[in-house]
Amino acid sequence: MVDAVAFYVLAALILGFGALVITAKSTVHSVLFLVADFLCVAALYVTLQAQFLAVIQVMVYAGGIVVLYLFVVMLVNLKRPPEVHSDPRRLGRLGVVMSVAVLVELVAIFALGWSKPEVTGGGGLSPKNVEQLGRLLYQDYLIPFEVASVLLLVAMIGAIVLAKREL
Amino acid sequence: MITTTHYMVLSAGLFTLGLLGVMTRRNIIIILMSIELMLNAVNINFIAFSYQLQNPIGQVFAVFVIVVAAAEAAVGLGIILAFYRNKETINIDEMSLMRW
Amino acid sequence: MDLIWLIPLLPALGAAVNGLVGIRFFSKRTAGLVACTLMGAAFALSLWAFWGLLDLPAEGREHTVRVAPWMSSLPLQLSDGAIGTFDIPWGFRLDPLSAMMILVVTGIGFLIHIYSIGYMHGEPRGAYARFFAYLNLFVFFMLMLVLGDNFVVMFVGWEGVGLCSYLLIGYYYTKKSASDAGKKAFIVNRIGDWGFIIGMFLIFTTFGSLDFRTVANAAATMPVETAGFGVVSLITLLLFVGATGKSAQIPLFVWLPDAMEGPTPVSALIHAATMVTAGVYMVGRNAVLFSHAPETMQIVAIVGVATAFLAATIGLVQNDIKRVLAYSTVSQLGFMFIAMGVGAFAAGAFHLMTHAFFKALLFLCSGSVIHAMGGEQDMRRMGGLRKYLPVTFVTMMVGTLAISGIFPLSGFFSKDEILLKAFLSNKIIWGFAVVAALMTAFYMFRLMSMTFFGGYRGPAWETGGAHGHAAAGHGHGGASPAVAGGGHGAKSAVAGGGEGGWHGPHESPKSMTYPLFALALGAMLAGFVGIPAALGGGNAIEHFLEPSFVAHAVVAEHPTALAPSEAKTLSESASVPESKGEASSEGGAHISWLGEIGLMAFSVFIGALGIFVAWRFYVKAPEIADNLARRWAGAHRVLSNKYYVDEIYDATFIAGTMASARGLWTFDARVVDGAVNGTGWLTMISAWFSHLIDKYVVDGTVNLVGAVLEESSFVLRRVQSGLVQNYALFMLFGVFAFVSVYLFMR
């Protein structure tokens with residue numbers, strides 16, 4: 001019962017904040033709504049026994065990425081609204097239609113129960129979530145882990161190179 | 001009773017919202033944020049299935065998704081800054097040099 | 001006798017040497033020497049072969065020499081369906097008939113060669129050698145003709161003498177009338193040859209062989225075709241067509257008078273003694289075949305007597321000395337065919353031999369006269385020449401008496417034999433023949449009278465003038481420089497032609513008169529080999545020639561199947577004269593000894609009558625002839641124009657052939673060339689269509705592809721708008737498609 005309520009509330013918040021993100025006029029407002037969205041998603045993760053991931057979500061997404069967005073917004077200090085003129089060739093409305101169509105189809109697929117995954121053995125989620133994940137990351141999936149770190153390094157270097165001023 | 005289907009529907013909805021943002025908005029920062037929304041939707045899906053199947057591998061994958069999303073956000077914002085310095089705009093319609 | 005193949009080869013060698021080398025390099029002396037020596041050698045060989053033949057017994061007088069194979073063993077189908085073998089070797093056969101022929105050909109040929117040395121002296125050096133080359137070539141072919149042991153070898157000679165006749169008649173090829181005459185001779189000959197060839201084909205399909213002996217033996221087993229026209233009659237008729245062409249009988253005699261365009265020795269050799277007798281020889285050679293075809297024999301005799309009569313009538317009014325002799329030849333050939341036609345093959349061959357002597361003699365003498373008159377041939381411009389040309393006069397008189405049939409010259413014996421056999425066979429034929437003999441005597445003596453008797457009617461000449469001779473310095477044997485004109489057969493007098501003036505008629509050089517002597521001797525004595533039984537002789541020649549006219553394989557028990565009289569001679573010895581005279585006719589008529597003597601006397605009388613009438617008309621009272629000519633002007637004109645035969649032929653056959661030739665040419669030019677041109681046009685038109693197709697269809701397609709791509713690119717490049725969200729939309733389209741597929745597949 002509680003789960004249901006929690007779920008529905010969180011779902012509504014996620015969707016609502018998401019809608020606000022894409023419709024806000026001011027860029028800063030969008031960013032703020034995005035933060036709220038991320039926090040709600042993290043809460044959702046907690047209800048799904050993924051505590052470590054919820055923390056990661058807050059730390060990386062809400063704490064890192066959103067801050068990054070805010071920095072960029074501030075650096076891009078526009079005097080005039082950024083969305084003034086639009087290219088007549090863009091097919092915006094068609095995009096909306098297509099997106100809605102995809103949604104409808106996906107919902108149809110899910111509702112009709114045509115994509116039920118099979119139950120495979122997984123060994124179970126342990127309450128010691130961090131320890132379990134840690135073991136997996138450092139034993140079974142070590143190489144992807146290392147690759148991911150290299151990826152981060154490269155991205156960092158790339159971002160620096162792209163964004164630096166000419167000296 | 002909250003089944004995995006509910007989570008899938010939620011994920012689909014969030015994904016669609018992100019998609020709408022990418023399709024519709026002209027502000028490139030908003031577009032990047034919409035992409036983040038989409039990635040989050042996918043993460044929700046992974047975690048939901050991980051919960052349903054009692055397999056931690058979903059969470060592992062979600063970690064990696066977050067890593068990639070972070071990298072991508074950094075690089076993307078770097079590009080935006082570079083472009084902004086050249087063109088004084090973040091209107092994606094004006095970033096159409098690669099046209100015939 | 002094994003070397004009989006050498007006899008034709010020697011003159012061939014002479015022809016090759018003179019022809020290839022002599023025309024360019026030999027002097028006149030050398031050319032003449034080469035030719036005459038080889039002829040002499042051939043004559044000597046012929047004598048030797050004849051001697052060898054006499055050594056053989058009478059029934060077996062035959063010797064065949066196969067020199068080399070020619071066409072061997074081709075299987076061909078015969079008329080009765082069997083497969084025969086066509087096997088033709090180069091074979092030569094010496095038997096009585098061919099032995100007589102080679103003696104005549106080489107002997108008289110040799111004399112004529114010697115005569116030609118003097119006669120042709122005025123010719124340029126190269127032409128002189130050319131003449132002797134042709135003359136030798138002719139003798140070679142003629143000898144092939146008479147020595148061949150099968151039809152094909154004979155035909156080689158047959159064609160070859162036709163060719164040489166053309167070459168020699170047209171010897172003065174720069175003169176149009178001469179070259180025309182040569183062509184006429186060859187073409188008319190060819191028409192006869194057509195019949196001959198078809199006859200040869202028929203012989204092969206009927207008998208399976210072309211060898212004379214084989215064919216004769218096979219034919220002897222067949223029944224005599226007394227009723228109607230069988231295959232043998234057809235064969236012999238076709239062969240006779242060939243003979244009419246070669247031996248100038250009706251209807252193919254028209255070439256012989258024109259052939260007088262050639263030099264006189266040519267006329268003497270070819271158109272008196274040898275080539276024209278080839279037809280007679282051929283009939284004699286196939287005596288067995290002819291004896292089995294009474295219908296054809298009838299035709300032969302009728303054609304012979306008609307020709308004899310017709311030619312004699314034309315000869316009555318001719319004014320050119322050689323023309324008279326030409327028509328006389330045609331007439332005498334007619335006599336020979338009369339003999340062949342009534343079955344007296346030996347008599348015909350006998351007359352062939354004697355005629356060769358006296359006709360050659362007459363021609364050579366006329367050549368001597370023409371030479372003396374500086375080229376003049378018209379008798380109206382001669383006269384009284386006997387005091388200038390004594391030798392020629394005497395020898396020509398001998399020849400004239402011989403041809404008129406005066407006893408005891410050769411012509412009497414042979415002609416009388418023919419008349420006797422004709423009398424026994426068909427009185428009507430005999431009657432016409434007698435009239436022809438009368439006319440013969442008449443026109444021959446007319447010739448003598450106009451030429452040698454009476455007053456001189458020719459052009460005047462300068463006497464003296466030795467400067468002309470000395471300055472010219474030619475080594476002619478006493479001949480005047482006007483000889484240069486003598487060889488060219490000019491009708492008009494050539495007074496003053498050549499290096500000096502014409503010095504009047506004079507006797508010919510020794511090279512020309514010696515052959516005249518020899519021939520005159522022959523004309524006088526040749527008859528004595530054929531003295532008939534009635535006069536006490538053994539008729540040696542008829543006995544001698546018998547075996548050539550019979551089939552050897554047939555025994556005497558089948559008298560009806562054999563040629564007349566031959567069966568008996570086979571079984572008995574060769575010296576039974578009485579049976580010859582009696583059994584010599586088809587009808588089996590007999591005549592008593594008295595009757596025979598009476599006939600002989602009658603023919604002598606006829607000859608004398610002709611001479612007497614001619615003497616009166618032309619020597620004693622020449623105006624009679626002119627009066628007659630005026631009174632019978634129409635007939636005279638017809639005869640003078642030789643019954644307009646040439647004109648009739650021209651209007652019908654010649655014009656018809658030319659018209660059809662023109663028609664064919666038009667067909668070729670319009671239809672055939674038109675078709676070819678038409679295909680050219682078609683090709684051009686189709687090429688134009690191809691061009692259209694290529695330009696518009698093929699190139700159009702290629703261009704269309706390009707244009708389509710270009711146009712579509714105008715449309716499609718708008719996709720690359722540079723708008724990222726549009727690109728994203730396209731990706732969404734793909735996603736939507738996948739999801740839809742998933743949705744609807746489930």
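**Figure 1. Chain A is built from six helices and zero strands.** In this predicted model, the elements of chain A follow one another from the N terminus in the order α-α-α-α-α-α. Chain A holds 167 residues, and buried residues make up 25% of them. Of the contacts in chain A with a separation of 6 or more, 50% are between residues 24 or more positions apart.

**Figure 2. The view shows where chain A meets chain B, with 70 residues of chain A in contact with 61 residues of chain B.** Two or more residues on the side of chain A that touches chain B come from each of α1 (2-23), α2 (27-47), α3 (51-75), α4, α5 (129-140) and α6 (142-163) of chain A. The element that gives the most to this side is α3(A), with twelve residues. Sorted by class, the side of chain A that touches chain B has 50 nonpolar, 16 polar and four charged residues.

**Figure 3. Helix α4 (residues 92-111) of chain A packs with helix α1 (residues 4-24) of chain B.** The two axes lie 9 Å apart, and the packing angle is about 170°. Because of this angle, α4(A) is roughly antiparallel to α1(B). On the side of α4(A), the contact is made by G92(A), G95(A), V96(A), S99(A), V102(A), L103(A), L106(A), V107(A) and F110(A). On the side of α1(B), the contributing residues include M8(B), V9(B), A12(B), G13(B), L19(B), L20(B) and M23(B). The residues of the contact of α4(A) with α1(B) comprise twelve nonpolar, seven polar and no charged.

**Figure 4. The view shows the meeting of chain B with chain C, in which nine residues of chain B are in contact with nine residues of chain C.** The side of chain B that touches chain C has six nonpolar, one polar and two charged residues.

**Figure 5. Within chain C, helix α5 (residues 151-169) crosses helix α6 (residues 176-207) at roughly 170°.** The axes of these helices come within 8 Å. The crossing angle therefore makes α5(C) roughly antiparallel to α6(C). From α5(C), the residues F151(C), F155(C), W158(C), E159(C), G162(C), S165(C), Y166(C) and I169(C) take part. They meet residues of α6(C), among them A178(C), A181(C), G182(C), F186(C), D193(C), F196(C) and I203(C). The contact of α5(C) with α6(C) has twelve nonpolar, four polar and two charged residues.

**Figure 6. The largest nonpolar core has 214 residues.** Of the 746 residues of chain C, 51% count as buried. Among contacts in chain C between residues at least 6 apart in sequence, residues at least 24 apart are joined by 79%. In the core, the residues that touch the most other members are F138(C), I338(C), A360(C), L361(C) and A433(C). Helix α15 (residues 345-372) of chain C gives the most to this core, with 19 residues.

**Figure 7. The surroundings of I338(C) include A433(C).** With neighbours within four places in sequence left aside, I338(C) is in contact with A301(C), G304(C), V305(C), A308(C), I418(C), A422(C), I429(C) and A433(C).

Note on methods:
Residues numbered from 1 in each chain as written. Chains lettered and ligands numbered in written order. Predicted model: local features only at pLDDT ≥ 70, side-chain atom pairs only at ≥ 80, totals over all residues. Axes fitted to C-alpha atoms, helices over the stretch in contact; angles between N-to-C directions. Helix = DSSP H or I, 4+ residues; strand = E, 2+ residues; numbered from the N terminus. Parallel < 35°, antiparallel > 145°, perpendicular 65-115°, else oblique. Contact = placed C-beta atoms within 7 Å. Nonpolar A, V, L, I, M, F, W, Y, C, P; charged D, E, K, R; others polar. Buried ≥ 20, exposed ≤ 12 C-beta atoms within 10 Å, placed from the backbone. Core = buried A, V, L, I, M, F, W, Y, C linked by C-beta atoms within 7 Å.
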